[in-house]
Amino acid sequence: MSAQINELVTLAQNGSAEAFGELYELYYKEMYCYACCVTGSETLAQDAVSDAVLSAFSQIKSLKKAQAFKGWMFKILCAACKRYYTDSQKQKSLVYLDDEDGGFKEPAGFESLELSVELKRALEQLAEDEREIVLLSILGNYKSHEIGEILGCPPSTVRSKLKRALKKLRSSLGGEI
């Protein structure tokens, strides 16, 4: 699989929009789920992913190592999510009012994650950098050195923040995780 990804990256760097589209297909769901968790909104997540993909496509030639594509892509996505999260007045709820019937609904990206309302609220209580580290670790399945590269901090900082964040989550959830 990684040889195929490296080949697609090389083709994309040589101008193949089709190869870049295949790369997008490989990572879209992961990116969207991450963006939903960070922004708290299906619409903002879609916008952040779109911006990140457009930015990555325009900058693909600057990627030095084909095997670093996924981390590079998530680094761009992290920046886009931060912009959208900040621009959306730092909404503090992951539940939104549904205009049609006056009830509540969750962003569509969360159904596939099967996160409980309690877990979503607990994640929301974390600092932005802690939430990013937890989500990259859990959803992206990244190691501390990879998260460090994405967020621009040392792996030891990532590990300590992850440990603290998970402790906060356990406390918020009454020891359930």
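1. Helix 2 (17–39) and helix 4 (69–87) each provide at least two residues of the lining of the second largest cavity, and helix 2 contributes the most, with five residues. Helices here are DSSP runs (H or I) of at least four residues, numbered from the N terminus. The model is a predicted one, in which local features need pLDDT of at least 70 and side-chain atom pairs count only at pLDDT 80 or more, while totals for chains, interfaces and linings use all residues. Residues are numbered from 1 along each chain as its sequence is written, and side-chain values use heavy atoms, with hydrogens and water left out.

2. The second largest cavity holds about 30 Å³ of space, and its lining is made up of Phe20, Leu23, Tyr24, Tyr27, Met31, Val53, Phe69 and Met73. By class, this lining has eight nonpolar, no polar and no charged residues.

3. Glu132 sits in helix 7 (residues 128–138), and it counts as buried because its relative accessibility is 3%, buried meaning under 20% relative accessible area with a 1.4 Å probe and protein chains only. Apart from neighbours within four places in sequence, Glu132 is in contact (heavy atoms within 4.5 Å) with Tyr34, Cys78, Lys82 and Leu151.

4. The axes of helix 7 and helix 9 (residues 155–172) come within 9 Å and cross at roughly 95°, so helix 7 is roughly perpendicular to helix 9, a term that covers angles of 65 to 115 degrees. Among the residues that meet are Ile133 and Val134 in helix 7 and Leu162 and Leu166 in helix 9.

Terms used. Buried means under 20% relative accessible area, exposed over 50%, partly exposed in between (1.4 Å probe, protein chains only). Axes are lines fitted to C-alpha atoms, for helices over the stretch in contact, and angles run from 0 to 180 degrees between N-to-C directions. Angles under 35 degrees count as roughly parallel, over 145 as roughly antiparallel, 65 to 115 as roughly perpendicular and the rest as oblique. On a 1 Å grid over the protein atoms alone, a cavity is a set of points where a 1.4 Å probe fits but cannot get out, and a pocket is an open set with protein on both sides within 12 Å along at least five of seven lines; lining residues have an atom within 4 Å of a point. Grid points are joined across faces, edges and corners, and a volume is the space filled by probe spheres set on the points. Ala, Val, Leu, Ile, Met, Phe, Trp, Tyr, Cys and Pro count as nonpolar, Asp, Glu, Lys and Arg as charged, and the others, Gly among them, as polar.
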